[in-house]
2 protein chains.
Amino acid sequence: MEPINTSKYEKALGNCYLLNNLDKESYNGLLSRFHEEKWPQATCVLNQEKWFHNFYIILSGRVRMYQVDPKSGKEITVFLLAKNDTFDLFCLLDGCEHPVFYESLDSVKVLTAPMADVREWLNKNPQHYTNLLNYAGKQMRMLENFVSDISFIDVPTRIIKLLIRNVKEDSNNLDLIDDLPNKEIANLIGSTRAVVNRHLQKLSKCGAIEISRNHVRIKNISLLQRLLELQKLRNSGQK
Amino acid sequence: MEPINTSKYEKALGNCYLLNNLDKESYNGLLSRFHEEKWPQATCVLNQEKWFHNFYIILSGRVRMYQVDPKSGKEITVFLLAKNDTFDLFCLLDGCEHPVFYESLDSVKVLTAPMADVREWLNKNPQHYTNLLNYAGKQMRMLENFVSDISFIDVPTRIIKLLIRNVKEDSNNLDLIDDLPNKEIANLIGSTRAVVNRHLQKLSKCGAIEISRNHVRIKNISLLQRLLELQKLRNSGQK
DNA sequence: GAATTTGTGCTACTTAAGTAGCATTATTTG
DNA sequence: CAAATAATGCTACTTAAGTAGCACAAATTC
């Protein structure tokens, strides 16, 4: 395993939180511990030990982190990770095992280093903890929102929010989630395939979206936004 | 506002994550920025700016952090904070505002300091970030569990898990949650007063717990544990 | 101690979400 | 190209959770 060419990744990792504002020396010191790995599409690495001993930065492709209910087999996607995201953040933060699953949605390129090495680097360069704290804060906010969304909001509205959250501002295209089957969309909002399909059909019939196998396309973003507003208002007369 | 007597709090704050393994100098440097405050029971400070500008460590009493659904008025308690807990962690981590509510359940004593001071201290003493990372990791795990619990598990089981999680090992007494009205229990698991009451009645009738106004008492902890196991097994034949 | 507020325990009802099942179509694999 | 697999689009059904409403009791306030 030869040392990686750190300069090769400077552009690719420009937006990775962990490498924010690093001086040349820190940057090379950290990156030199990593090497590149490729995973084929739709791989689920069952061995959870792995996340405990290795740390990953995504170079390209999507990885979902999910939990499985052993009782029903139901799954929920906790984080949908993409370029510049890292895992496992939980282990990196507190050094404990994290019983969770990871699965690649595309063919994926990652940089990986032993977890212990990354933790050691952080210990030796504590001035760079701030980057990690920021990222942890953002992820916590996402989790907190997930909790309140599931508890407050019905499935059709969660779908609309998911769609709106993922449209690219310029193109109206769906980023990250435009090529998922209904089952994966269900996992993202904590519901089931059949129920999601039911509501996608309605959105399709009213002209907000267009659906085909493995694809959802936004047809009328402002209609979606109006539907979301309507949902927020409905029942607001309650105490 | 006179500087606090830092030695006074050494015992009280022995288990606060933020003060773990601090040398005398760091300890005093941090604590000297704080002063003590008292809040009466059942106070809800509506001014959310406050959490953004001030940081709090709980000395005694309980504080719940919760979200409110503006549509229905429904609430969900995200964290039930007690002695040695701190807030607002989200702001401390990433320096952004955090639109959330805090409310005291008891008469509460806190130590408080300007958020900027705490962040500045952390910047100057980066070797102590580890404590914060650990705590953030634990809180993230709690949030992640909350997500999967709400999405996988039915209300009666969530109640049982809440009870089991909160029994003191030695005494069988409920810590933290033994004096809450049904409505507060509902907020803790993301349900409603009426539904929680329905299931508490069942647990009461089968002899697992005893209920009275503002009180739940464990009568048969091993029965609760057996009920939890039963729930886990039921339907496990599904694919 | 009268009046108000808060919490409980219940019945009856509504509804969204989930479940089961299956036919149809698209895609992949051998 | 045949067979297997994966994804969809339905219908019909079940169910847990939530809603509404109210009587009653306990606690608090004036």
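DNA strand D has 19 residues around it, and the closest are Pro181(A), Asn182(A), Asp154(B), Ser191(B) and Ala194(B); a residue counts as near if its C-beta atom, placed from the backbone, lies within 6 Å of the strand. Keep in mind that this is a predicted model: local features need pLDDT of at least 70, side-chain atom pairs count only at pLDDT 80 or more, and totals for chains, interfaces and linings use all residues. Residues are numbered from 1 along each chain as its sequence is written, while chains are lettered from A and ligands numbered from 1 in the order in which they are written.

- Next to DNA strand D, the elements giving two or more residues are helices H7 (182–189) and H8 (193–205) of chain A, plus helices H6 (155–166) and H8 (193–205) of chain B. Helices (H or I, at least four residues) and strands (E, at least two) are DSSP runs, numbered from the N terminus.
- For DNA strand C, H8(B) gives the most, with three residues.

**How the chains meet**

- Chain B can be laid on chain A with an RMSD of 0.0 Å, using a turn of 180 degrees and a shift of 0.0 Å along the axis.
- Chain A and chain B each put 37 residues into the contact, where touching residues have C-beta atoms, placed from the backbone, within 7 Å.
- On chain B's side, H5(B) gives the most, with 18 residues.
- The copies meet through the same surface, because 100% of the interface residues of chain B are also interface residues in chain A.

**A sheet in chain B**

- Four strands form an open antiparallel sheet in the order E1-E8-E3-E6 (chain B); strands pair if DSSP finds at least two bridges between them.
- Its edge strands, E1 (35–39) and E6 (86–87) of chain B, each pair on one side only.
- E1(B) pairs with E8 (residues 108–114) of chain B over five bridges, in the antiparallel sense.
- His35(B) sits opposite Thr112(B) in E8(B).

Conventions
Least-squares fit on C-alpha atoms with pLDDT ≥ 70 in both. Contact = placed C-beta atoms within 7 Å.
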